[in-house]
Amino acid sequence: MPKKSAKTSKRTSTRKAAAAPSKNAATAESQLAEYRRKRDFSRTAEPAGGKAHAAKKLAFVIQKHAASHLHYDLRLELDGVMKSWAVPKGPSLDPTVKRLAMQVEDHPIEYNTFEGTIPKGEYGGGTVMLWDRGTYTYGGSDPTVDPVEGLRRGYQKGDFKFVLHGKRLQGSWVLVRTRRDDKGRAQWLLIKHRDEYAGEGSDVTAEHLTSVATRRTMEEIADGRSRVWHSNRTEGVDSGEEKRSAASTKSGNTQPALTSAYQRLMARRSR
Ligand code: MN
């Protein structure tokens, strides 16, 4: 790689350093303290976490969670943990729609294969379905930044742009931090960017009512048809249903000129 300027070589060193945790990166252990404090692992089948090593590709998962209130938990891997948001209405493919996403405690990477029931009375008690999963990548516009560092900066700035490569969700998305509640919890908005995967008026959570991993409904999961979850035994179940939905969402709106919810939000924020 030719060295052109001091700026270029500085950027190169940032790129190398990004494989190891940067000064912005927190350790998985410190980030998982709150997650563990809230749970009694002798009573819940949820993982304690901390053993999984970060894969080269960053993972994402969405879990449909029928707790005291139904919501969708969006989890995006960053620096050894799953950054997590509870999205009451779930994701929307419509770029004019903003979905409230309340940040919750970081979860362990092992949580990405969890599907089943959390006992009543325990933290988050209720049924958990694996609704979508896959990998995700940096979605920002700066081609010179290391992708992981770009994700870290976006997350810290509260303008977190990413591209999902899931079974049911694909394309470019953004989480925009709006404010913190009185407990210091950050509130964000989840918005689909305009691209070939956007679809105005589409209702993606209603289109997919079964597990992306086991095809079970919430009722079947709640009935405990398979009490112990083994992600490696059900890989082959992913199939047909997703292909149809990918085709149907691709036919959505691709007009780039219209203002998206994201653009309106950012315009308001900069005022
Ligand atoms: Mn939840």
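Strand β4 (residues 98-107) and strand β9 (residues 186-192) run antiparallel and are joined by five bridges, where strands are DSSP runs of E with at least two residues, numbered from the N terminus, and two strands pair if DSSP finds at least two bridges between them. Within this pairing, Lys-98 stands opposite Ile-191 in β9. The model is a predicted one, in which local features need pLDDT of at least 70 and side-chain atom pairs count only at pLDDT 80 or more, while totals for chains, interfaces and linings use all residues. Residues are numbered from 1 along each chain as its sequence is written.

Strand β9 also runs antiparallel to strand β8 (residues 170-180), with seven bridges joining them, and here Arg-179 stands opposite Gln-187 in β9. Five residues lie between β8 and β9, which form a hairpin, and Gly-184 in its turn has a positive phi of about 85 degrees.

Leu-190 is among the residues with the most contacts inside the largest nonpolar core, which has 45 residues, and Leu-74, Phe-162 and Leu-175 are the others. Such a core is a set of buried Ala, Val, Leu, Ile, Met, Phe, Trp, Tyr and Cys residues joined through C-beta atoms within 7 Å, and a residue is buried if 20 or more other C-beta atoms lie within 10 Å of its own, with C-beta atoms placed from the backbone. The largest share of this core, six residues, comes from strand β6 (residues 126-138).

Of the 271 residues of the protein as a whole, 37% count as buried.

Methods. Buried ≥ 20, exposed ≤ 12 C-beta atoms within 10 Å, placed from the backbone. Helix = DSSP H or I, 4+ residues; strand = E, 2+ residues; numbered from the N terminus.
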